[in-house]
Amino acid sequence: MSKNPDKSQLAKDLKSDVTELENKIAAFKKGEMQEERFRHYRLTRGVYGQRQLGVHMFRTKIPFGLLTADQLIRLADVSEKYTNGNLHLTTRQNIQMHYVKLDDATAIWKELGEVGITAREACGNTVRNITASANAGIDPDEPFDVSPYVYETFRYFLRNPICQDMGRKIKIAFSSSDKDSAYTYFHDFGFVPRIKIENGKEIRGFKLVVGGGLGAQSIIALTAYEFLPEDQIIPFMEAAIRVFDRHGEREKRFKARMKFLVKKLGLDGFLKLVEEEKKAIANASVKINREIITAAPPVPVADRPEIKIENQAAYDLWLSTNVFEQKQKGFYAVQIRLPLGDIMADRARLFAEVVRNYAADDIRITVNQGFVLRYVRKNDLPHLYKSLNDLDLAKPGFNSMANITACPGTDTCNLGVTNSTGLSTVLEEVITAEYPQLIEESELDIKISGCMNACGQHMAANIGFHGSSIKKKPLVVPAMQVVIGGGVDPDGTPQIADKVIKVPTKKIPDVLRSLLNDYDESSENNEYFNHYYRRQGKAYFYELLKPLADIEKLTKEEFYDWGDDADYVQAIGVGECAGVAYDVVGTIVKDAEEKVELAAAALEEGLFADSIYHSYTALVIGAKALLLAKDVKCNTQIGILKDFDEHYIEPKEFPLDQSFKELALKVKKSAPNEDFAKEYASIAADFFQKVLSVRSAQLGKEGTDKNIIDRYYKA
């Protein structure tokens, strides 16, 4: 990691985070904090409600999936101590633990924090974990290592006031090359490294894409810049997040992502608002410390005893599918295929020791739920293989069709519709037994999600499936929506898969057989699968699979989901970001007061940009409270500014002698210096006192505080 990590700041942040979490949990249990408020808080601390009552999923935030052996061991220890002992690797390069009791969350946070792992903003409407190509730094095709850029971005936005109360989450990815192994095209912000030469000098920058996303409505990100200088990537994101915060939809959850805002405004309109915001951002330029992430050294050359490989064919297959030479000649990267992304604590500890013996202390979690080891010496490969094989971690076919990506689905997730893990296991068995040649095929993949929300990234797969159902009265048949043609073409062109047909989930193995057999028979001259799909057309595949979609003659077992032995019962819970709860205007007024206090505290610490944004948020929340008192829906911040003028300023029901919108939008027209921070904090504090006065008068007439529904006040 960093050459000179700030240990004192890390310790200070850890103590503050643990104390705050402890206090919030205590307040919630005493009934001093409403459930909805506590839910919002715990989500931003990585604690997410699970399908099973009374337990939670605990999600870590691991920038670009970088772990040391010590960190992996600590994760294993914590998992064994407080959960079911399993570590689940995600497509976001995180590690999740399940079956966590709320009372244990503080201890988990503390013990992980001691080794530099945080859960801050791992869930909730924040900047989520920032992903990157797992081969960054060793990729033979990369112009330069993007790892430092990811880490600096992570540090910049962690705890940043501009991204604590957004309508929805922000996802960012950095690819190591034009091959786009990080799938930048379906992210809110995606970066691909570029180098250009000016006056004989090398200038680093990035191609920047914005407004991509998967889910029910998948959208390919648009190119904002073919080349953005490296010192401008963070300022751009800061300005863009401010635009998203102010203009983004909040009431309609499924329209609340940045992709819909970019689509609504148009790319040029969005970029115009971003440009207007730049005057007010904290830093017009952010220089990246390229040395903040440095390569961990390889293990010393060792005189190891000769080793006999018992199955040379298996070893050769592993070498050809799981090992590649790094750009650092003479060193090799080893990719670990991990079915379902799961590894139990005892095996994780043994794996960490293997890493210490044969590889650099730099383990990367991959976007397909595996590991990459780096700086392995050629002479150590047989020894490493044997050690991994002893742990059942030497499965060949990394990133092949046999290496299926799958979210946990109905195993633990509230939103799961059908079981994705059981299906994944069955499909891997089909491929291994019936199509073993595909274990060596790295340009064909399968991804499965338990619902349409795409945690398994099914819309970015050559062949994808997402959980669904089909009604056959009086029962419901568990099903999978078949999607085809997604992913990144060999030339780097991004593709979103087409939804083709819905099929009972127990018939999905036959769907796979039909697709693979037809591909073998009908493709031309080693034709890439997506080219074959587009040549044949969606209607062709609909007709091909239509017989398997027939539900008129289902067997008894076809009414069961994978892993079940009883009729399927659809039991979709409410997502943690989608619940409806009741609140009162007075609670929202208290939120505004909290922002006024945060603005004053940041001003005292000399954090002028932070203070200004807290003041702005205090103005918006205060206005929102009074609008809700009049039953005015609040679904965007820009709408609140306009509506407050209409409902309070123009009818002279609020003591302000100017447009509230103009007053609030000083936030985007002034540089974040001390003078403006003081002025704006004073404006926010004065406005809040007036809100209290007006609300007090309203209560005098109403008698009781007003209940409202949270979907009306997300802004």
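This is a predicted model: local features need pLDDT of at least 70, side-chain atom pairs count only at pLDDT 80 or more; totals for chains, interfaces and linings use all residues.

User: Why is Arg159 called partly exposed?

Analyst: Buried means under 20% relative accessible area and exposed means over 50%. Arg159 has a relative accessibility of 28%, so it counts as partly exposed. You will find Arg159 in the loop between helix H5 (147-157) and strand E7 (172-174).

User: Which residues does Arg159 touch, leaving out those up to four places away in sequence?

Analyst: They are Asp13, Asp17, Arg120, Glu121 and Gln164. To count as a contact, heavy atoms must lie within 4.5 Å.

User: What makes Glu121 buried?

Analyst: Its relative accessible area is 0%, and the limit for buried is under 20%, so Glu121 is buried. Glu121 sits in the loop between H4 and strand E6 (131-132). Its phi is positive, about 60°, although Glu121 is not a glycine.

User: And why is Asn526 called exposed?

Analyst: The cut-off for exposed is over 50%. Asn526 has a relative accessible area of 83%, so it is exposed. Asn526 lies in the loop between helix H13 (508-522) and helix H14 (529-536). Asn526 also has a positive phi, near 55°, in a residue other than glycine.

User: What makes helix H2 mostly covered?

Analyst: Helix H2 spans residues 35-43, and seven of its nine residues are buried. The buried ones are Glu36, Arg37, Phe38, Arg39, Tyr41, Arg42 and Leu43.

User: How do you know which strands stand at the edges of the five-stranded sheet?

Analyst: The strands run in the order E1-E2-E5-E4-E13 in an open sheet, with antiparallel pairing. Strand E1 (47-49) and strand E13 (342-344) each have a single partner strand, so one side of each is left without a neighbour in the sheet. From one strand to the next, the twist averages 30°.

User: How do you know that E4 and E5 are paired?

Analyst: Two strands pair if there are at least two bridges between them. Strand E4 (residues 86-89) and strand E5 (residues 95-100) are joined by two bridges, so they meet that condition, and they run antiparallel. As for a particular bridge, the partner of His88 in E5 is Gln96.

User: Which helices pack on this sheet, and at what angles?

Analyst: Helix H4 (residues 105-113) lies across E1, strand E2 (56-59) and E5, at about 15° to E2. Helix H10 (residues 345-358) touches E4 and E13, and its direction makes about 90° with that of E13.

User: What makes the lining of the second largest cavity five nonpolar and three charged residues?

Analyst: The lining consists of Lys61, Glu121, Val127, Arg128, Ile130, Phe154, Phe157 and Leu158. Val, Ile, Phe and Leu count as nonpolar, while Lys, Glu and Arg count as charged. That gives five nonpolar, no polar and three charged residues. The cavity itself holds about 30 Å³ of space.

User: And how does the lining of the largest cavity divide by class?

Analyst: It has one nonpolar, five polar and two charged residues. Among the residues in this lining are Ile446, Asp445 and Lys447. Ile counts as nonpolar, and Asp and Lys count as charged. The volume of this cavity is about 40 Å³.

User: Finally, where is the cis peptide bond between Lys473 and Pro474?

Analyst: Pro474 lies in the loop between strand E18 (463-472) and strand E19 (475-484). For the cis bond that joins Lys473 and Pro474, omega is about 5°.

Key:
Residues are numbered from 1 along each chain as its sequence is written. Side-chain values use heavy atoms; hydrogens and water are left out. Helices (H or I, at least four residues) and strands (E, at least two) are DSSP runs, numbered from the N terminus. Buried means under 20% relative accessible area, exposed over 50%, partly exposed in between (1.4 Å probe, protein chains only). On a 1 Å grid over the protein atoms alone, a cavity is a set of points where a 1.4 Å probe fits but cannot get out, and a pocket is an open set with protein on both sides within 12 Å along at least five of seven lines; lining residues have an atom within 4 Å of a point. Grid points are joined across faces, edges and corners, and a volume is the space filled by probe spheres set on the points. Axes are lines fitted to C-alpha atoms, for helices over the stretch in contact, and angles run from 0 to 180 degrees between N-to-C directions.
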